Amino acid sequence: MVADRAGVSVATVSLVANGKTAGRVSEDNILRVREAIAELGYVVDSIGSSLARGVSSIVVMVAPDISNPFFAKVIAGVRESLGPQYQLLLSVTDAGEFPQADDVRRLMSLRPAGLLVDAPNAGFLEDLASPSPLVLLDAPGLEAYAPSVNLDVASGARQLAAHLAEAGHREAAYVDSVTGTETFALRRQAFLAEAAARGLNVGADRIISTTVDVGSAASAFAGTWPGWQREGVTAVVCCTDTHAYGVLQEARVAGVKIPDELAVAGFDDLPYSATSNPGLTSVHLPATPLGLRAGEQLRRLMEGKPLDKTAVTLESSLVVRASTAAAAE
């Protein structure tokens, strides 16, 4: 229909619609085809094109619990690195749930050019067995499954434990995520190990888990704080800044002075952490660079280029602010 309206061949319409006119289609014919496309409302059938090519321009990104604001910056980095040639499709779950391999496999009917998986666990990767190029993000210990870009969360966790111990804290608690991913497990394990080595006690009954949600973290803290206070807890570490915001919120309601009575810290170093009252001490995790590097790695794989390194690790760092005792001194 477009070809008839423009008075050209179907092949010419295809070249114009797919941006492949250089040296092959005259400016006059390009204009006529574009006018016909606009008049008829024609769009390229991407599924049909993918069938012809054997692969689409879609990149699927699988992420658990996208309610965590950290993912917005990761996604922005991925989007920038992929460029306009690829369309990013997000596969996400409800808060606290991890994607199922069967759900992702259904998306394979779209013949994606590549697949990104953020914060996976081993079981998911074993069930998935993706035929498409695959890159993992924030997947410590899972480098054998696919090329990966990781965050050195263990180093940041150790720095945080050392910071609190050096500030004189001896009794602490930990707020974890219910999402069963390796990155959260590593944060907790590294912090607990360093805390124990430095004489900072975090009993098993002082580890609670919630979804990555301010309200859920606030409610959980409200229920446990009276007991923790009786046990002399003076520091609460949260696995994300979002959890920490909930703790700070409920602490204010309960009249707890931060940091004089209770030090609070998190992971991620979200933008609001620098301007919250008080400013939140947090382990800085480079979210945008994580997305950029992962997107770059995947793009090289999709274009058939070799990777310089199959495993990349980005550094974390502790940013001390007024929510911890040492910052208030």
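## Ala-119 and its backbone

Ala-119 sits in the loop between strand 3 (114-118) and helix 7 (122-128). The structure is a predicted model. Although Ala-119 is not a glycine, its phi is positive, at about 50°. Ala-119 counts as buried because its relative accessibility is 4%, and buried means under 20%.

Most residues other than glycine have a negative phi, and most peptide bonds are trans. The next section turns to further exceptions.

## Other backbone exceptions

Asp-268 also is not a glycine and has a positive phi, of about 120°. This residue lies in strand 9. With a relative accessibility of 3%, Asp-268 counts as buried.

Where are the cis peptide bonds? A cis bond joins Ile-258 and Pro-259, with omega at about 10°. Pro-259 is placed in the loop between helix 11 (241-253) and strand 9. A cis bond also joins Asn-277 and Pro-278, where omega is about 0°. Pro-278 belongs to the loop between strand 9 and strand 10.

Side chains of opposite charge can pair when their charged atoms come close. The count of salt bridges in this model is 15.

One of these joins Arg-187 to Asp-138, with 3.6 Å between the closest N and O atoms. Arg-187 lies in helix 9 (residues 182-197), while Asp-138 lies in the loop between strand 4 (134-137) and strand 5 (148-151), so the pair ties together parts that are 49 residues apart in sequence. Arg-187 is buried, at 3% relative accessibility, and Asp-138 is buried with a relative accessible area of 3%. A network of salt bridges links Asp-138, Arg-187 and Asp-268. Asp-268 is the strand 9 residue described above for its positive phi.

Another salt bridge is formed by the side chains of Asp-269 and Arg-321, at 2.9 Å from N to O. Asp-269 is in the loop between strand 9 (263-268) and strand 10 (281-284), and Arg-321 is in the loop between strand 12 (317-319) and helix 13 (325-328), so this pair ties together parts that are 52 residues apart in sequence. Both Asp-269 and Arg-321 are buried.

Are Glu-303 and Lys-305 buried or partly exposed? Glu-303 is partly exposed, with a relative accessibility of 35%. Lys-305 is partly exposed as well, at 40%. These two residues form a salt bridge in which the closest N and O atoms are 3.3 Å apart.

Methods
Residues numbered from 1 in each chain as written. Predicted model: local features only at pLDDT ≥ 70, side-chain atom pairs only at ≥ 80, totals over all residues. Heavy atoms only, no water. Salt bridge = Lys/Arg side-chain N within 4 Å of Asp/Glu carboxyl O. Helix = DSSP H or I, 4+ residues; strand = E, 2+ residues; numbered from the N terminus. Buried < 20%, exposed > 50% of the residue type's maximum accessible area, 1.4 Å probe, protein only.
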